[in-house]
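Please look over this model with me.

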Amino acid sequence: MINGASIAASALSPAFEVFPVTVVAIDDDAESLELYRDVLRGEGLRVLTATSPEDGMGLVTRERPQIVLLDLIMPGVGGMDLLERILAFEPRTDVILITGHYSTESAVEAIRKGASDYLTKPISVGSLRERLGRFADEARRRQLGHRLGAELLKASRFEEMVGASPVMVDVFDRIRRVAPHFRSALITGATGTGKELVARALHRLSPAGTGNFVVCNASAVVETLFESELFGHVKGAFTGATQDKEGLVEHAHGGTLFLDEVGDMPLTTQAKLLRTLQSQEVQRVGAVTPRKVDLRVIAATNRGLAEMIAQRQFREDLFYRLSMVQIKVPSLAARKEDLPLLTRHFVERFAAEFRKPIRGLTPRAEIVLARYPWPGNIRQLENVLASACMLADGELVDAADLPEELTGGQGNIDGEDTITDETMLPLAEVERRHALRVLRLVGGNRSHAARILGIHRATLHRLLDSATFSTGSGPEPARRDGPV
Ligand SMILES: Nc1ncnc2c1ncn2[C@@H]1O[C@H](COP(=O)(O)OP(=O)(O)OP(=O)(O)O)[C@@H](O)[C@H]1O
Ligand SMILES: [Mg+2]
């Protein structure tokens with residue numbers, strides 16, 4: 001039997017309407033179900049009930065509830081099996097097991113399998129309200145966090161870039177102010193920091209934004225062909241010049257020429273480029289007369305040009321010409337606060353690209369990313385997340401999906417502490433689990449366990465029997481892996 005859903009409309013705060021929380025209760029005892037329904041609807045929760053495991057699982061897959069109340073002992077599929085199936089379907093569901101009598105064995109197993117709480121019948125209205133209220137608040141908080149995260153990401157986009165850190169907000173601001181006026185600009189920054197994206201943004205926001213954006217990668221051009229590549233040539237200018245050819249400078253006429261890795265440009269070409277910039281004229285190799293051009297030039301480098309100037313490898317006059325406007329793109333290490341946003345941005349992109357239902361990272365994976373120094377900057381982060389999304393099995397990328405260079409082979413970067421599920425638990429939950437483990441070891445003898453733990457027997461009672469396996473005061477238990 002499946003009862004239809006309805007929300008008790010009385011006294012609902014806006015949060016209830018914006019973030020409805022659904023509870024599915026599965027119990028073969030109709031009377032218990034009635035109790036859950038009455039109590040929880042009074043709390044503003046949407047309650048759906050099922051009297052069989054099959055109907056219950058059907059409701060879970062259809063309705064995607066945030067909370068499931070699950071009777072441990074039912075005919076047919078047992079509660080433990082159903083618990084596993086529910087968590088396999090949606091690992092973030094709070095499943096609360098209900099049992100006729102307290103048993104350490106089943107409590108331990110329930111935790112191990114990922115249950116969020118464990119209630120013993122007879123259940124008082126007060127404790128049901130209190131426990132479920134806490135989980136419902138947590139579910140609303142998660143939904144709110146998710147929504148804020150999505151809005152933040154949207155608000156943190158600038159052209160093709162993502163960033164909300166003060167250093168990146170400065171970069172965006174500089175681009176916005178400079179773009180309408182610049183004729184030449186120099187972008188500096190380490191490898192993979194986004195220099196090309198900055199150049200593209202400058203171009204797009206400039207008055208020539210609809211013109212060509214022509215890329216010349218100085219490190220990829222053979223030295224002897226450089227001038228012909230950049231300035232073009234006329235037929236017969238040199239052996240092999242069988243016809244007239246337009247160079248990149250002319251191709252960028254009415255738009256922008258992007259000189260990537262400008263530090264690799266030969267000195268003779270540098271001199272000719274400077275002349276072109278000053279006169280806005282280009283002379284094809286072998287040509288007698290120059291042609292007028294109108295273009296913006298953006299150069300980028302990850303090399304120290306000042307040092308190259310000192311060693312006479314780069315022309316000082318060209319440097320001054322280019323760097324009238326200079327934009328320094330910070331390393332990822334200097335904007336670590338952007339890491340969650342960038343991660344979310346890339347995960348969304350690769351999930352769509354690979355057609356996978358990936359929604360975020362496990363807390364363990366997030367920690368691994370946060371602890372890594374990112375020498376290859378955003379490009380390295382992008383590559384790491386691309387491969388992780390390819391490997392990820394479920395809806396969350398785990399530390400195991402990340403490359404070994406980040407995890408040290410086992411989610412362990414500095415060799416000091418290994419990250420396990422327990423690392424992400426609130427202290428109260430760790431205490432409870434430890435107490436349960438000791439209790440199990442001594443065959444359930446509470447006096448004996450209390451002696452080993454060095455606490456009073458009454459304290460052990462409280463630890464085990466009070467808010468059993470609740471989420472404690474910490475943020476979230478380990479397996480409740482929030483979205484990025
Ligand atoms: N702020 C950002 N938001 C989103 N993606 C970014 C950002 N910065 C860089 N990327 C991505 O990271 C990669 C590297 O960026 P880009 O090629 O612009 O860096 P670069 O500084 O030119 O690197 P290199 O020095 O290696 O040439 C690109 O795929 C780019 O799309
Ligand atoms: Mg580049």
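1. Arginine 355 sits in the loop that runs between α14 and β18 (360–361). Helices (H or I, at least four residues) and strands (E, at least two) are DSSP runs, numbered from the N terminus. Phi of arginine 355 is near 50 degrees, a positive value in a residue other than glycine. Arginine 355 counts as exposed, at 78% relative accessibility. The cut-offs: buried is under 20% relative accessible area, exposed is over 50%, partly exposed is in between (1.4 Å probe, protein chains only).

2. On sources: this is a predicted model, in which local features need pLDDT of at least 70 and side-chain atom pairs count only at pLDDT 80 or more, while totals for chains, interfaces and linings use all residues. Residues are numbered from 1 along each chain as its sequence is written, chains are lettered from A and ligands numbered from 1 in the order in which they are written, and side-chain values use heavy atoms, with hydrogens and water left out.

3. Glutamine 280 is not a glycine, yet has a positive phi of about 50 degrees. Its loop lies between α11 (267–279) and β14 (281–282). Is glutamine 280 buried or exposed? Glutamine 280 is buried, with a relative accessible area of 18%.

4. Check the peptide bond between lysine 121 and proline 122. It is cis, with omega about -5 degrees. Proline 122 belongs to the loop between β6 (117–120) and α6 (125–155).

5. Now the ligand. Ligand 1 is surrounded by 19 residues; the closest are Val162, Gly192, Lys195, Arg379 and Glu382. A residue is near a molecule if one of its heavy atoms lies within 4 Å of it. By class, the shell has seven nonpolar, six polar and six charged residues. Here Ala, Val, Leu, Ile, Met, Phe, Trp, Tyr, Cys and Pro count as nonpolar, Asp, Glu, Lys and Arg as charged, and the others, Gly among them, as polar.

6. A polar side-chain atom of arginine 379 lies 2.5 Å from one. For lysine 195, a polar side-chain atom lies 2.6 Å from an oxygen atom of the ligand. Glycine 194 places a backbone N or O atom 3.0 Å from a ligand oxygen. Taken alone, ligand 1 exposes 630 Å², and the protein buries 87% of that (Shrake-Rupley method, 1.4 Å probe).

7. Where does ligand 1 lie? Domain 2 (166–329) and domain 3 (335–465) both give residues to its shell, so ligand 1 lies between them. The domain bounds come from an automatic or database assignment.

Technical notes: Polar contact = N/O pair within 3.5 Å; in protein donor to acceptor, adjacent residues only side chain to side chain.
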